[in-house]
Amino acid sequence: MSETTDEAAIGQLLARVRIVLVGTVHSGNIGAAARAMKNMGLRRLYLAAPVEFPHREATYRAVQAADLLESAVVTASLEEAVADCSLVIGTSARERRIQLPQLGPRELGPLCLGERRGEEIALVFGREDSGLSNEELRLCHWHVHVPTSADYSSLNLAAAVQLLCYELRMTALAQQGTLAAPPWDEPLATVEGMERFYEHLDATLTDIGFLNPAAPRQLMTRLRRLFNRVRMDQMELNILRGILTEIGKIRAAAGRESSPNS
Ligand code: SAH
């Protein structure tokens with residue numbers, strides 16, 4: 001996490017989204033889903049008609065997200081879990097099986113965290129064995145499918161929760177402006193610095209006989225391309241300049257030794 005991430009602000013943005021697990025069969029998946037949510041900064045878990053809850057397997061798999069299980073809202077049906085929502089998004093392991101507008105995972109964040117503040121949104125996950133029923137899907141405005149391999153399209157329930165909560169977090173981080181990588185620890189080399197380095201390199205390579213000024217070919221062009229791809233920082237540039245200076249000293253000393261006047 002970058003030091004500038006304001007977790008409270010991220011949490012506030014994500015607070016409009018509740019995760020609803022419908023008819024979960026394996027209690028361990030409830031715990032793993034809670035953990036996946038908390039890792040990504042989501043906190044509101046709804047359990048619609050879970051087969052068994054609370055359950056020690058759920059608590060065990062939640063690890064440090066047991067607080068999400070304690071605050072989980074248990075309802076008798078999906079309809080009850082989403083009654084106060086204005087946007088309901090179902091998830092499914094299969095594509096186009098469902099006559100609902102389909103949303104890509106990358107579009108989920110912008111749709112959920114877009115401009116309509118105060119909106120209550122549900123992201124709904126189905127049963128491990130049979131997913132969501134047609135009646136349950138009728139409550140949804142959209143459905144999201146993670147584009148999995150055609151050889152095996154069905155994700156583990158908690159893995160599906162993890163992926164989609166990650167997408168929500170990425171959007172929240174982008175909105176907070178904290179998605180960018182932390183700054184490099186050294187200032188980058190400037191054009192001026194690089195030009196002095198290339199002059200030094202050219203002189204050294206000529207001095208040691210690697211570069212023939214009469215027939216330079218494309219050597220310096222290729223070396224420029226190589227170093228420009230790297231985008232060196234000033235410290236790295238100084239190291240390379242230092243190496244060239246040492247080569248120059250050795251050449252000068254060798255020249256003195258071989259000179260008859262020395
Ligand atoms: N045989 C069931 C599989 C359900 S997997 C079916 O075909 O629907 C359990 C739940 O995990 C799904 O209901 C869905 O909520 C989620 N899930 C699994 N794979 C997914 C995928 N590729 N994209 C989106 N959600 C998925």
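1. Where does Pro-54 lie? Pro-54 is in the loop between strand E2 (45-48) and helix H3 (56-62). Helices (H or I, at least four residues) and strands (E, at least two) are DSSP runs, numbered from the N terminus. The peptide bond from Phe-53 to Pro-54 is cis, with omega near -5 degrees.

2. A word on the basis. This is a predicted model: local features need pLDDT of at least 70, side-chain atom pairs count only at pLDDT 80 or more, and totals for chains, interfaces and linings use all residues. Residues are numbered from 1 along each chain as its sequence is written, and side-chain values use heavy atoms, with hydrogens and water left out.

3. Val-63 sits in the loop between H3 and helix H4 (66-70). Its phi is near 50 degrees, a positive value in a residue other than glycine. Most residues other than glycine have a negative phi, and most peptide bonds are trans.

4. Now the sheet. Seven strands form an open sheet in the order E3-E2-E1-E6-E4-E7-E5, with parallel pairing. Two strands pair if DSSP finds at least two bridges between them. Strands E3 (73-75) and E5 (102-103) are the edges, each pairing on one side only.

5. One pair in detail. Strand E4 (residues 87-91) and strand E7 (residues 142-144) run parallel over three bridges. Gly-90 stands opposite His-143 in E7.

6. Next, the ligand shell. Around the ligand are 20 residues (a heavy atom within 4 Å). Thr-91, Arg-94, Gly-126, Val-146 and Leu-155 come nearest. The shell has seven nonpolar, nine polar and four charged residues. Here Ala, Val, Leu, Ile, Met, Phe, Trp, Tyr, Cys and Pro count as nonpolar, Asp, Glu, Lys and Arg as charged, and the others, Gly among them, as polar.

7. A polar side-chain atom of Thr-91 lies 2.5 Å from a ligand oxygen atom. A polar backbone atom of Val-146 is 2.8 Å from a ligand nitrogen atom. For Asp-129, a backbone N or O atom lies 3.2 Å from a nitrogen atom of the ligand.

Methods. Polar contact = N/O pair within 3.5 Å; in protein donor to acceptor, adjacent residues only side chain to side chain.
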